[in-house]
Amino acid sequence: MCSHECTNTVPGYQCDCSRGYKLRDDRRHCKAQGPEAFILFAHCTDIRRLKSDRTGYSVVLSKFQNVVALDFIHHLSLLIWSDIGQKTIQSFPMNQTIMPGMEPKINTLVSRALPNAGGLAADWLSIRIYWTDSKAARIESASALTGLDRKVLVYTDIQKPRGIALHPLLSMVFWTDWGDRPRIERIFMDGSERRILFNESLFWPNGITVDYPTGHIYWSDGKLNTLECATVDGHARRKVVERGLPHPFAVSIFEDNILWTDWVTKSVHRCSKFGQEAGKRAEVLVANLSYPMDVKVLHPVRQPPGENPCSKHNCSHICFSNVKTFTCACPDGLTLMADNRTCSQWPEDSILFSIRGDIRRMCVHCPDPLDVPIALDQEMGKDQPGNAGLRNASSAMALEFDHISGTIFWSDRINQAIWTALWDGTNQKMVAQANAADLALDWVNRKLYWTDAMNARIEVCHIDGSLRSLLHWQNLLKPRGIVVDPGRGYLYWTDWGDFPKIERSSMAGSFRTVLVQNGLKWPNALAIDHGSETLFWTDANLKIIEMLHLPSMTRRILLQKEMPNPFGLYFFEGRIYWSDYEKHTIQSANAQTGADRRLVRDRLEGINNIIIYHRQRREVPNPCALNKCGCSRQCLLSASKPLGCECVCPTGSALLNDTTSCSDAFRKMLVFSQRSEMRLMSVEMPYWADVLVATSQRLENIVALHVDTVEERIFFSDGTLRKIQSCQLSGADVRDVVTIGIETLGGLVVDSRARKVYWTDAGPHQPRVEVAELDGSHRRVLLWHQEMDSPRSITIYPERG
């Protein structure tokens, strides 16, 4: 019985060992050469290790939610794990020195569309990670260094994939599936030659691992309570351990031993890989654990060196192999070009839709469409001006796109902000602080429009968030859907307030008229066919999709059967696409007849809006770019003006009589704080609309503020940061005024004439009133605790001293 290779001789046989091993004195078994081996295992909230001789037991990393899977890339000293509580895959360089009192530097690789990554394996040759997701029912891979170049490997005929193991030298991926038809499968890394190795005598196939020297796979079954093995081709199946296994979970292999975790014994075990009949009993390595999960043995021989066909590839993005040859591949959403090496720069025509915690895209013309997440950073925007800690797009609602820059836009209904990012999720920025119900992009003039149902208004700004202007605020109740027609200069929107209607105005807000006001209940989304000048809308109450031919004002019902809750809507290439919130589907039909109805995608629970990302938007002349209207601030396209454009002014200023210039903004205004934000509201305008003071730093708890009317600066105090600062009305040029000696600041007031700032401090040690110059110098106490208990608000009367 040889550990690795057995050669018949005359007489008898001879045992040999694979590279990296040495034959033991018994001439049968092989011992790994090199450094000492460590056993790594996941323990829910931490990752632990111990030496193979059961010494050196310690915690490697902690403070997790639920780590269930882990692996490593030995030559990079990189530890990688999946936390299904945080819904992330993260990594940590094991050669990193952690100083006392300092947190380890952990890198988040994957954080989007990861509902339950229960299995994880690392390819040390191509430096990629592979994982199983039982909720998403798919197997995916990504770069082990960055988490980018994400690619779905298996997503059809798969139910509950669990364990996963790789054999990079043979370009093979193995996984267990404990769905309705339990099985163990194998596929090459390029997606070819998928085959079922076993689908009998299985119930809950759990962990799986590869013994590279012998070319065997080992797996556990949590219901049948067995450990089994077979060759990588599915031959010579046998039971290794079938007694004393209440609930085996993960498995690993090292030298002549198989290791596993057990959920019932709450231990890590070890036994001979030749089975219980080999004469060695199983031993307990670590006992009295709470939640033992994955287990791996950390040693170079567990990742033997070698080459596969991808070792010398020239692919622009991803290389996958199948032992014989390699194939270049692209991240999901991009297309492989004719040279079979390079990926397209832009995504193909794709349906974008918001669903629960993700924004996803799906190919329009692909025969078997696959939805993939846009990898939005979970840390996005936490340092953005005015943001109170947004960490993800879990409340994404409205969607838009710009085919020129390759960006997408979305609104966040909980954090009340509009965000933008490149189509792949990078370069994320906040465009505006707004409670946008729907978005519409003027791709000709580079403007973004939105409806705000909560505040009953319609606004517009440049795509970078500048020049924000209020277009409509009168006679609006709950504006919802919005579309634009830059070629003709029109803006359309729905209002599903007490008197539902569909309206139109020029894109500058003039020439407003009601198009439809009868036979509506909850007019929701809008879509437009620019070619035929046809407007489409969904009515969530009447459960229909209607259409209006604008030149003839002919209105008719397009679709009305089996539509319990039509929500999002988009027109593309002669077809109308819509999402149904109740049926959890995306469907399409002929946009003129409603015939040829097709199910695009189902099982999309929580789906909201949809749009189609494409590069076929019509190019039309832009009179604003030619400065035809001579606007001093904001030029918008307009159907009501001969020149095709019209001037408007940013919120807080008014258009002067010359119809091109704007008054100075915010000469008379309210300045107020909302916890982590400061805002301005003009009292000279016929509307009540506030704008954000976008500081360059994150604010936490603004408790007091006042304005220096001479230099037009806001002085404010952050109760959490315990300091007084100042900034311009725009939020720029933030300066520290008083940074020490503040306990509980109450009120603050500025004497613009004498150039002083006064404040109260209700701190428990010395309640007091203080004063300083506007730069914080010459600070002195005016009143202190003997004369007061808990000073709060403060004001001054300079004329009386």
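A disulfide is a pair of cysteine sulfur atoms within 2.5 Å. By that criterion, a search of the whole structure finds 9 disulfides. The model is predicted, so local features need pLDDT of at least 70 and side-chain atom pairs count only at pLDDT 80 or more, while totals for chains, interfaces and linings use all residues. Residues are numbered from 1 along each chain as its sequence is written, and side-chain values use heavy atoms, with hydrogens and water left out.

Terms used below:

- Helices (H or I, at least four residues) and strands (E, at least two) are DSSP runs, numbered from the N terminus.
- Buried means under 20% relative accessible area, exposed means over 50%, and partly exposed is in between (1.4 Å probe, protein chains only).

**Disulfide Cys-2 to Cys-15**

- The sulfur atoms of Cys-2 and Cys-15 are 1.8 Å apart, and the two residues form a disulfide.
- Cys-2 lies in the segment before β1 (5-8) and Cys-15 in strand β2 (residues 13-16), so the bond ties together parts that are 13 residues apart in sequence.
- The link of Cys-2 and Cys-15 is left-handed, with -70° about the S-S bond.
- Cys-2 and Cys-15 are both buried.

**Disulfide Cys-315 to Cys-328**

- Cys-315 and Cys-328 form a disulfide with their sulfur atoms 1.9 Å apart.
- Cys-315 is in the loop between β28 (295-298) and β29 (318-321), and Cys-328 is in strand β30 (residues 326-329), so this pair ties together parts that are 13 residues apart in sequence.
- About the S-S bond, the link of Cys-315 and Cys-328 has -80° and is left-handed.
- Cys-315 counts as buried because its relative accessibility is 11%, and Cys-328 counts as buried because its relative accessibility is 5%.

**Disulfide Cys-624 to Cys-635**

- The sulfur atoms of Cys-624 and Cys-635, which form a disulfide, are 2.1 Å apart.
- This pair links distant parts of the chain, 11 residues apart: Cys-624 is in the loop between β54 (607-613) and β55 (634-637), and Cys-635 is in strand β55.
- The link of Cys-624 and Cys-635 is left-handed, with -80° about the S-S bond.
- Both Cys-624 and Cys-635 are buried.

**Other cysteines**

- Cys-229 is in no disulfide, and the nearest cysteine sulfur, that of Cys-271, is 12 Å away.
- Cys-229 counts as buried because its relative accessibility is 1%.
- Cys-727 is buried, with a relative accessible area of 0%.

- Residues 127-170 are 0% helix and 52% strand, and the end C-alpha atoms of the span lie 15 Å apart.
- Residues 489-532 are 0% helix and 52% strand, with end C-alpha atoms 15 Å apart.

**Arg-150**

- Arg-150 sits in the loop between β14 (138-143) and β15 (151-154).
- Arg-150 counts as buried because its relative accessibility is 12%.
- The side chains of Arg-150 and Glu-140 are joined by a polar contact of 2.8 Å; such a contact is a pair of N or O atoms within 3.5 Å, and within protein one must be able to donate a hydrogen and the other to accept it, with residues adjacent in sequence counting only if both atoms are side-chain atoms.
- The Arg-150 side chain also reaches the backbone oxygen of Ala-113 at 2.9 Å.
- Leaving aside neighbours within four places in sequence, the residues in contact (heavy atoms within 4.5 Å) with Arg-150 include Val-110, Arg-112, Trp-131, Pro-331, Asp-332 and Pro-373.

**Strands β64 and β65**

- Strand β64 (residues 745-751) is largely enclosed by the rest of the structure because 7 of its 7 residues are buried.
- β64 pairs with strand β65 (residues 756-761) in the antiparallel sense over 5 bridges; two strands pair if DSSP finds at least two bridges between them.
- Leu-748 stands opposite Trp-759 in β65.
- The hairpin of β64 and β65 has 4 residues between the strands, and Arg-755 in this hairpin takes a positive phi near 60°.

**Val-769**

- Val-769 lies in strand β66 (residues 768-773).
- Val-769 is buried, with a relative accessible area of 10%.
- Leaving aside neighbours within four places in sequence, Val-769 is in contact with residues including Trp-759, Thr-760, Leu-782, Met-788 and Ile-794.
- The C-alpha atoms of Val-769 and Gly-747 are separated by 9.4 Å, and these residues are 22 residues apart along the chain.
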